[in-house]
Amino acid sequence: KYNKNDLIVAEWESTNIRKESQGIERASDSIQYKIIDDIKNDRYDIIFDDDGSGEIADIVSIKVEEEIIYIDLYHCKYSHGDEPGARVSDLYEVCGQSQKSVNWKVKPDKIFKHMIKREHLRQSKYESTRFEVGDENKLNSIMSMAKIYPIKMNVYIVQPGISKKLVSNEQLNLLGVTQTWLLETLGVKLYVIVSE
């Protein structure tokens, strides 16, 4: 089972926990907006809104520290209820997305190329950027570093529909299966952000 004590509690007061994506308009009451706002304090070189069909994750964040490139994938999922609880339905899809997304670790250069392609497509359609922190020049610089520096990847499941207080054994079992698969298959750590 996933260790209940490892669940990370976030504050969701100004967030509609049933609203997942921030969209082009950057809706400030969305789960995705809240997480982007929170991680801007984590000294990332790149924070990228990759939400949409064909995404790597809802948020792709990258930082270079001590000649290691860290890529953190945030998978956000809306709550199936108005209040946090112990619904297993809140986890099935996001656990599947998390497991699939680590396939990108096998060929990390594809991550950078994917992001550049997605940025150009967004700009051509909406004349807006997917970059929340950093820009394409910074991404190109990191892509060059990736030829030499090792890459470490982490996956974050963001589900405010889960209550740390009320979390069920069934939920912890499902998270445990996901955690084990990520770690044993590609050495990727799993973190889970929930409600109180």
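1. A residue is termed buried when its relative accessible area is under 20%, and exposed when that value is over 50%. The model discussed here is a predicted one. With a relative accessible area of 0%, Q159 is therefore buried. This residue belongs to strand β6.

2. The side chain of Q159 makes polar contacts with backbone atoms. One is with the backbone oxygen of D90, at 2.8 Å; another is with the backbone nitrogen of G161, at 2.7 Å. Leaving aside residues up to four places away in sequence, Q159 touches K77, Y78, S79, D90, I193, V194 and S195.

3. Helix α2 spans residues 92-101, and its buried residues are V94, C95, S98 and S101. These residues lie on the same side of α2, because they cover an arc of only 130° around the axis. Y92 and K100, on the other side of α2, are exposed. The cover over the buried residues of α2 includes β4 (68-76), β6 (151-163) and α5 (169-186).

4. R43, a residue other than glycine, has a positive phi near 60°. R43 sits in the loop between α1 (31-39) and β2 (46-49), and its relative accessibility of 65% makes R43 exposed.

5. E66 likewise has a positive phi, near 50°, and is a residue other than glycine. E66 is placed in the loop between β3 (59-65) and β4. At 77% relative accessibility, E66 counts as exposed.

Conventions:
Residues are numbered from 1 along each chain as its sequence is written. This is a predicted model: local features need pLDDT of at least 70, side-chain atom pairs count only at pLDDT 80 or more; totals for chains, interfaces and linings use all residues. Side-chain values use heavy atoms; hydrogens and water are left out. Buried means under 20% relative accessible area, exposed over 50%, partly exposed in between (1.4 Å probe, protein chains only). Helices (H or I, at least four residues) and strands (E, at least two) are DSSP runs, numbered from the N terminus. The arc is that of the directions from the helix axis to the C-beta atoms. Contact means heavy atoms within 4.5 Å. A polar contact is a pair of N or O atoms within 3.5 Å; within protein, one must be able to donate a hydrogen and the other to accept it, and residues adjacent in sequence count only if both atoms are side-chain atoms.
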